[in-house]
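User: I would like to learn how to read a structure like this one, feature by feature. Could we take each idea in general terms and then look at the case at hand?

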Amino acid sequence: MADSLAVQIDALGPRGDGIADHAGTRFYVAGALPGETVRARPGQKRGEGFAAALEEVLEPAPDRAVPPCAHFGTCGGCAVQHMADGAYADWKRGLVVAALERAGLDGAPVTPLVRTAPDGRRRAEFAAFRPRAKGAPTFLGFHERGSNRVVDIAGCHILRPDLLALVPKLRDVLAGIVPPGARWDVHVTLADNGADILVGAGHAPGPDAAMELAMFAEREGIARVSWDGPDGVEPVALRETPVLEMSGIPVEPPPGVFLQASAEAEAVLAGLVRDAVEGARIADLYSGVGTFSLPLAAGGATVHAVDSEAGALGALARAAGNAGFGGQVTTDVRDLAKRPLAAGDLKHFGTVVFDPPRAGAAAQAAELALSAVPRVVAVSCNPATFARDAALLVGGGYALERVTPVDQFFWSGHVELVGVFARG
Ligand SMILES: C[S@@+](CC[C@H](N)C(=O)[O-])C[C@H]1O[C@@H](n2cnc3c(N)ncnc32)[C@H](O)[C@@H]1O
């Protein structure tokens, strides 16, 4: 391994690593901040440069702060708890500005970062691991940074306290059923009437695990436990169908379906979308269970919701029907990457909303760029793919009116945003 070096940190990258350009080589130093001089040991090649392990902060930056979480630095969940809040908010907003600049959209209007509470996450994807050694405890937590080792979390500052309170109970039950050497994925969502748990292990549960999980659900008032096995998702325990109110409309999400990470961020995003749309007919592409479709329809619009997940669209349609505006909502199960709605299909809509996964919506943005839709609202959790898709829209004659970054993923390198486009 190379000798350690004293390097000056110039910037903070999108993953929260300090970036040093030293003697013609770029180093990425996790835990280091801009303006600091640190001693770091070069490691593996990363992109155009090298990762380097922080050994010592020789001259700390004025923005250095004490991380609130004992797991910070090991746990992969948070990247930047070691920075003062104001500098952190500037960095987050700056990630969006930089992505737009890289796509040639310099000077696009980016609002200040909209903040949400740090401990607001209502859903988490935990990893469970039981070592092979006899009597070794079962770990339940998040993956370590850059590793598939599991950090056995005792505390967490980003989970809702009632979700964190479930962790030791879940760990106890998993300790009795995860086989030695095995790793399971455990997704937990807090619905309004109890937790909704989805366990993935790559095999069928077996009668003992199913029984233990069903008893756990009964004991702890868990709404539903499902198992994601080779034959698909099946229920293990169903005490109550999980229900979540989204913009005041009850929705019954299928197991494992996409939901925004926090209820507060969901409300912020829905508000930003509602304020940006125009016209009585709206297409909501990548709609999921209806985070945007439902409030828009409740407000009187006619909404055409499109998603590749039939289960999500079924939940959306049922929620709209139960709320009394099912007649205003149509749904279409469709792969928008392979079969985007063509420019001609979009001509009746006053606004198109799209909220794709991290890969973005290049094919759909290309069709929108050819369309006459007066307004487009893009929601994204990835500034890089958003900027790429935004450049397609701008190339097609849209003006990017504003981009609002929303800090849904506190202390991580991820940022949510809403971009509003209008035809000139
Ligand atoms: C970021 S989520 C947004 C969901 C919803 N707008 C919300 O806020 O809850 C992305 C959605 O895109 C859907 N999706 C992923 N790939 C897709 C594809 N190729 N075509 C259509 N929908 C897709 C997923 O099922 C998911 O519901």
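User: Is Asp389 buried or exposed?

Analyst: Burial is judged by relative accessible area, with buried meaning under 20%, exposed over 50% and partly exposed in between (1.4 Å probe, protein chains only). Asp389 has a relative accessibility of 3%, so this residue counts as buried. Before going further, please keep in mind that this is a predicted model, in which local features need pLDDT of at least 70 and side-chain atom pairs count only at pLDDT 80 or more, while totals for chains, interfaces and linings use all residues. Residues are numbered from 1 along each chain as its sequence is written, and side-chain values use heavy atoms, with hydrogens and water left out.

User: Which residues is Asp389 in contact with, leaving aside its neighbours within four places in sequence?

Analyst: Contact means heavy atoms within 4.5 Å. With those neighbours set aside, Asp389 is in contact with Phe354, Gly360, Ala361, Ala362 and Ala365.

User: How do I check the length of a helix, and what does H4 show?

Analyst: The expected span is 1.5 Å times one less than the number of residues. Helix H4 (residues 206-220) has 15 residues and should therefore span 21 Å, which agrees with the 21 Å between its end C-alpha atoms. For H9, with 13 residues, the reach from first C-alpha to last is 18 Å, close to the 18 Å expected.

User: Which residues of H4 are buried, and how are they arranged around the axis?

Analyst: The buried residues of H4 are Ala209, Leu213, Phe216 and Ala217. Seen down the helix axis, they fall within an arc of 100°, so they line one face of H4; the arc is that of the directions from the helix axis to the C-beta atoms. On the other side of H4, Pro207, Asp208, Glu218 and Arg219 are exposed. The partners against which the buried residues of H4 pack include helix H3 (166-175), strand E11 (183-191) and strand E13 (224-229). After H4 comes Gly221, with a positive phi near 65°.

User: How many salt bridges does a search of the whole structure find?

Analyst: Side chains of opposite charge can pair when their charged atoms come close. The rule used here calls for a side-chain nitrogen of Lys or Arg within 4 Å of a carboxyl oxygen of Asp or Glu, and the search finds 20 salt bridges. One of them joins Arg375 and Glu401 (3.1 Å, N to O), linking strand E21 (residues 375-380) to strand E22 (residues 398-407) across 26 residues of sequence. Arg375 is buried at 9%, whereas Glu401 is partly exposed at 36%.

User: What area do domain 2 and domain 3 bury between them?

Analyst: Domain bounds come from an automatic or database domain assignment, which gives domain 1 (5-64), domain 2 (90-115 + 247-423) and domain 3 (123-191 + 193-238). Buried area is the accessible area (1.4 Å probe) that two parts lose on being put together, summed over both. Domain 2 and domain 3 bury about 690 Å², 61% of it on carbon and sulfur atoms. In domain 2, Pro255, Leu259 and Trp411 lose the most area to domain 3, together 55% of what that side buries. Across this interface the rule finds zero salt bridges.

Conventions: Helix = DSSP H or I, 4+ residues; strand = E, 2+ residues; numbered from the N terminus.
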